[in-house]
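Welcome! Take a moment to look over the sequence and the 3D view, and then let us walk through them together.

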Amino acid sequence: MSDLLQLELTDRQRELLLRGLRFVRSSRMLEIRNSSDITDDERKDELGELRELSEMLGQNTAAAKPARM
């Protein structure tokens with residue numbers, strides 16, 4: 001992922017993207033695959049990319065929200 005794309009998102013848009021990424025991640029983790037479809041390393045890489053993207057979006061959300069007590 002060497003190409004960077006900068007987007008300006010509202011808090012609502014960011015939350016929708018994060019929710020969608022969590023859904024995709026869960027779906028991919030639970031998906032039953034034939035051994036010929038994808039290797040374990042490819043699956044780990046894919047899940048890592050999803051986690052990285054979620055963390056990038058989550059950092060902006062966490063910084064924007066005050067801590068709750």
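## A pairing to begin with

A salt bridge is counted when a side-chain nitrogen of Lys or Arg lies within 4 Å of a carboxyl oxygen of Asp or Glu. E15 and R22 meet this description, with their closest N and O atoms 3.2 Å apart. E15 is partly exposed, at a relative accessible area of 25%, and R22 is also partly exposed, at 45%. Please keep in mind that this is a predicted model.

## The overall picture

How many helices and strands does the protein have? There are two helices and zero strands. Of the 69 residues in the protein, 14% are buried. The accessible surface of the protein is about 6,400 Å², and carbon and sulfur atoms account for 53% of that.

## Helix α1 and its two sides

Helix α1 runs over residues 11-30. With 20 residues at 1.5 Å each, α1 should span 28 Å, and the 29 Å between its end C-alpha atoms agrees with this.

Which residues of α1 are buried? They are R14, L18 and L21. These residues cover an arc of only 60° around the axis, so they sit on the same side of α1. Turn to the other side of α1 and you will find R12, F23 and L30, which are exposed.

## The nonpolar core

Now look for L18, L21, L47, L50 and L57: these five residues make up the largest nonpolar core. The elements that supply two or more residues to this core are α1 and α2, the latter covering residues 40-64. Helix α2 gives the most, with three residues.

Leaving out residues up to four places away in sequence, L47 touches R25, R28 and M29. S54 belongs to helix α2, and beyond its neighbours within four places in sequence, S54 is in contact with L18 and L21. Along the chain, S54 and R14 are 40 residues apart, yet their C-alpha atoms are separated by 9.8 Å.

Side chains of opposite charge can pair when their charged atoms come close. A search of the whole structure finds four salt bridges, and the pair of E15 and R22 described above is one of them.

Another salt bridge joins the side chains of D11 and R14, at 3.2 Å from N to O. What separates D11 and R14 in helix α1? They are three residues apart, which means about one helical turn lies between them. An α-helix has 3.6 residues a turn, so residues three or four places apart point the same way.

R51 and E55 lie four residues apart, about one turn of the helix. Are these two residues buried, exposed or partly exposed? R51 is partly exposed, at 46% relative accessibility, and E55 is partly exposed as well, with a relative accessible area of 46%.

Conventions:
Residues are numbered from 1 along each chain as its sequence is written. This is a predicted model: local features need pLDDT of at least 70, side-chain atom pairs count only at pLDDT 80 or more; totals for chains, interfaces and linings use all residues. Side-chain values use heavy atoms; hydrogens and water are left out. A nonpolar core is a set of buried Ala, Val, Leu, Ile, Met, Phe, Trp, Tyr and Cys residues joined through side-chain atoms within 4.5 Å. Buried means under 20% relative accessible area, exposed over 50%, partly exposed in between (1.4 Å probe, protein chains only). Contact means heavy atoms within 4.5 Å. The expected span of a helix is 1.5 Å times one less than its number of residues. The arc is that of the directions from the helix axis to the C-beta atoms. Accessible areas come from the Shrake-Rupley method with a 1.4 Å probe; for residues, only the protein chains shown count as cover.
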